[in-house]
Amino acid sequence: KICCAPCAEKLAPDTMMSPVVMSPSLIRSPCTVGSAAEETEQMQQLDMESDVGEVVNVVNVIPEDQEPTEEQPEDDFEKALGLDSEVKSVAASSNFGESMVVLTLSPTEVHVLRQSFDFLLASMGHDREAVGDAIYGLKITALVALKDNFTTPRAVVSLRFFNCFRLLLEKVEHPDELKIYVETLAFKHMGNEVTELRVDKVIDAFNELLVNNVPTLPPGTAAAWRQILSYCGSCYKFVGDTYGERLRVIKEDWTAVQASGSRDEKKEGDETAKEEEAKEGKEGHEGKEGKEGEEGGEAEGEELTNEDSAESFSFARMCAFSCEVMGQKTEAWMDELLKVFHILVEMISSPVHLQEECDLLAINLIVRSQSIEFEKFKPVMLAALRSLLPKQWSTAHENAWEWLWSTVARNLRESTMKVRAFKPYNVKLFSTLEEEQLDRFRKDVYTDFFNRAPASQDLFKQSQTRLRYIADRVLQSSSDLFQKNKDETLDDLSALGLRHVGYGIPIELFGPFVESCVTIMGQLISDFPNDNVSTKLVWCPKDNAHQIAEKDLREHMMIEGFRWSIGLTARVLVRTIMDGSTAVMQAIHLDNPTRLRRALLDAPRSERCVWQLAVMVGSQSISPLFWSLRSGAHATAKTMIEDILTIRADRDNYYYGVDELFQFQPNIADNVLREAPFLAETLLDGLIWRSHKSQDNLRPVIYYLKHLLQDMDETQMLSRGLISYIRFNHPQTIMHPILTFSLDLLWDRLAKRFFIMDRILTVVNCLIFILAECWLVQAGEIPEPNKTILAVGRVLVYTWGFCRLLYWHINQTFLAYRHKNLTKINKHIWIPYYLTRGSSLISFMLMLNLLAMMMVEPLFICLAKSEESLVQFECQNYTDIMSLLYEIFVIIGVFLYVALIMELGSISIKLSEFRVLCLRAIEQIVLCFGVVFLVIFSFAFAINGMTREVEAVTSEEWSDIGATSSTLIRLAFGAMDMVAV
């Protein structure tokens, strides 16, 4: 029997059992018996309210003269635990599933629960997946009838079970938080029928698991677990009975609404295509018969009326139409709400996630509108839904959607009030903090955090600089939450959370870290100077529910605002980690290929590759394969590459993950070569299929060349994977069969003809250059016919040679800067990347050399300087310095042209090998000459310092440092006449 507090006081103290705390709205006192309608109203009021009000003690009265009608048999494991036969489950003693109470456990019971679970985890080698798998197994064994309902892979469900038990034990000492969390879990169990018998079976199986794996359990373990698990089961049934029908109606309605929205989008796309076709077609037909036009217009109008029925509109368009009909304007906050309304509908079954989404949405709402009346959206929403769902709409649908909007509106109202109140104080907080205080926060936050959670010290092994950066990012996230757009903030937090998935950060550490941040920030805020000494009580602006002294208002709002922002950040990160903590990511964290294969056993063939290539959380994703390469889990990375590139099949389809690999990881080759070069050939081997049968001593082979020849990005001329292998510059890797075949195919079918044509043009330009600058040039005066030929040749050098090079380099430079394809040569200078190639650099130098030749070209300087002839190569303006510079530039141009022509050797493997050998030999020759000249100059300076011996020598060959160096050089190269000496 459940009694109110006044009735409970009249009972004898010795008849009372341990109290259970529950909400007063759930208690039906025997003193005041109300009607069924009043009770239903109270239950609905509880549905709308999330805050727990005042609590009363509830006792279970069992008269001494009354004996139980049924005796529950004792199992062997209960006797081993010392469980008294009079101990019964909360489900049996509190009207199972009839209400949702707030459970309060004693500190001893909380300690027993946590200690027993830690013992279970230790007995299984601290393997979280093993514990979750054991819980999954006992649940399947206890609930054989529900085995087919578990469609999610076992490895995924096992991790979920472990995380749920962990969070349950964390919140067990906070009744309000425990109630909210159990309510969230209850919404996830609404697809299953929860009965008292099934709950008891699960409890018995879990207690048996504890007994079988933990030799010595703390006293009262079975009773504590029975109490908490029975409480969860009772809440599951209550939520399922109360909300199940509403959520089913909402889900079916929203599925139909989304289907109509997709038809609307498709129709808009078709209309756009028709308009484009009409623009491209012939114009006219306006001057035809008027009657036909009118009849056609009427027919077209009827057709549009039939097509544009309300059922084909999207929800957002119908809401806008409803606003127009009602005579009210679609406000800015409504537009923002409609963008995420589908998320709110999907999250209605998860109160915690719904509150989180409302908090994030409130950040944008207060920016878009100063005053928000959420009641205005309710009639708009209902009118839009009635129009979209005219056939299935009924009172049940009306009540369900009214309940949804009242729940969402209440959360949004509270969230917008908090954000609007906290935002100015948050800005003032970070503008007041000085560098000394920030430095104090960076140091003290880790000291306090390590005291709260000593195990966290094993995770924070970075340098002090890194730890200070993390602390700064924590403060920055608190500030950005109020200043930045919600979508941008959520993307950043999701990306950060996915990185934490890769780091393997336990989610139970976020709570202590948040408390440490709030504690240290509270100490800093308390040190702020405060000139306000007024003790006048004012209403707290965050909720207008309690009063506070005016002098303490600023400090209170700063702390609460920081707590709210950092808490919301932690909640987003925890949700991201829980959604992204797949069995594959856990195997990567441990670098265990065996666990990876076991995690992939339950994956469907069509999704097996995606499990290893993308983990989506919101709008962000992380690639497990990339993270395994980045984190050094190379054994797991090798297993993943081999698994993805394995061909599988069923009755209808073949499954080969090469397309998914390059779709999700377009830079996979570069990542492998940079992080794990020894896996380069593993990736290439996976692109080759070799038959196990042979014919005429030959084996059939299939090369999958698509992604080595064509990039996923159509703007790329060549595949990034092939370019990465070429830049790797490893001779053994580049000789892999598939790379050799791909490169030969590209060369023979595509590049060879263009290369030869380009080099032929270079050869022709070189010949013209030699004829015009070397062959036709004569000492003295040039005859008149030769002048004309020489002038034509030099004009061709600058028009055909220089202009061609100038156009090509301008085009390549523009493309390089447009696509940011640059390389850094020093701190401030960036150059196009194509200039790092030898032939391109030589071509660029030749272009600059030809430009310098034009500056001192005698043909241009002496043009029309003589009355006798238009073309002259000697005049007064052409000085000796110009002539010397011109000769130097000609010499340089000859060598640059010859260097470009040497690239023609690439058409032959032998010529290419010889060119490589020559380049290697030239390097050695240059080093040898460098050593020889160093020795020569050393001896030259030494001999020049011996003044007496030099004076005794009558020859002029040792008179000064220049003559001495020249003599030694001739001696070294055998150019001196030793007989004459």
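Tutor: Contact here means heavy atoms within 4.5 Å. Keep in mind that this is a predicted model.

Student: With which residues is Ile228 in contact, leaving aside its neighbours within four places in sequence?

Tutor: Ile228 is among the residues with the most contacts inside the largest nonpolar core. Helix α10 (residues 221–280) gives the most to this core, with 16 residues. Beyond its neighbours within four places in sequence, the partners of Ile228 are Leu103, Leu113, Leu168, Val172 and Leu178.

Student: How many residues does the second, separate core have?

Tutor: The largest nonpolar core has 175 residues. The second core includes Leu805, Met853, Ile861 and Tyr886. Its count is 21 residues.

Student: Which parts does the pair of Arg226 and Asp200 tie together?

Tutor: The two form a salt bridge, with closest N and O atoms 3.9 Å apart. Both residues are buried. They are 26 residues apart in sequence, so the pair ties together helix α10, which holds Arg226, and helix α9 (residues 196–213), which holds Asp200.

Student: Arg440 and Asp444 also form a salt bridge. What separates them along their helix?

Tutor: Their closest N and O atoms are 3.5 Å apart. Arg440 counts as partly exposed at 32% relative accessibility, and Asp444 does too, at 28%. Because they sit four residues apart in helix α18 (residues 435–452), the separation is about one helical turn.

Student: Is Asp711 buried or exposed?

Tutor: Asp711 meets Arg720 in a salt bridge of 2.9 Å, N to O. Arg720 is partly exposed, at 23% relative accessibility. Buried means under 20% relative accessible area. Asp711 has 9%, so it is buried.

Student: Which helix gives the largest share of the nonpolar patch on the surface?

Tutor: The patch is formed by Ile925, Phe929, Phe933, Phe937, Phe941, Ile961 and Phe973. Together they have about 640 Å² of accessible area. One of them, Phe937, counts as partly exposed at 38% relative accessibility.

Student: What share of the residues in the protein chain is buried?

Tutor: The chain comes to 41 helices and 12 strands. It has 981 residues. The buried share is 40%.

Technical notes
Residues are numbered from 1 along each chain as its sequence is written. This is a predicted model: local features need pLDDT of at least 70, side-chain atom pairs count only at pLDDT 80 or more; totals for chains, interfaces and linings use all residues. Side-chain values use heavy atoms; hydrogens and water are left out. Patches are made of residues with over 30% relative accessible area and no salt bridge: like charges are joined within 9 Å, nonpolar side chains (Val, Leu, Ile, Met, Phe, Trp, Tyr) within 5 Å. Accessible areas come from the Shrake-Rupley method with a 1.4 Å probe; for residues, only the protein chains shown count as cover. A salt bridge is a side-chain nitrogen of Lys or Arg within 4 Å of a carboxyl oxygen of Asp or Glu. Buried means under 20% relative accessible area, exposed over 50%, partly exposed in between (1.4 Å probe, protein chains only). Helices (H or I, at least four residues) and strands (E, at least two) are DSSP runs, numbered from the N terminus. A nonpolar core is a set of buried Ala, Val, Leu, Ile, Met, Phe, Trp, Tyr and Cys residues joined through side-chain atoms within 4.5 Å.
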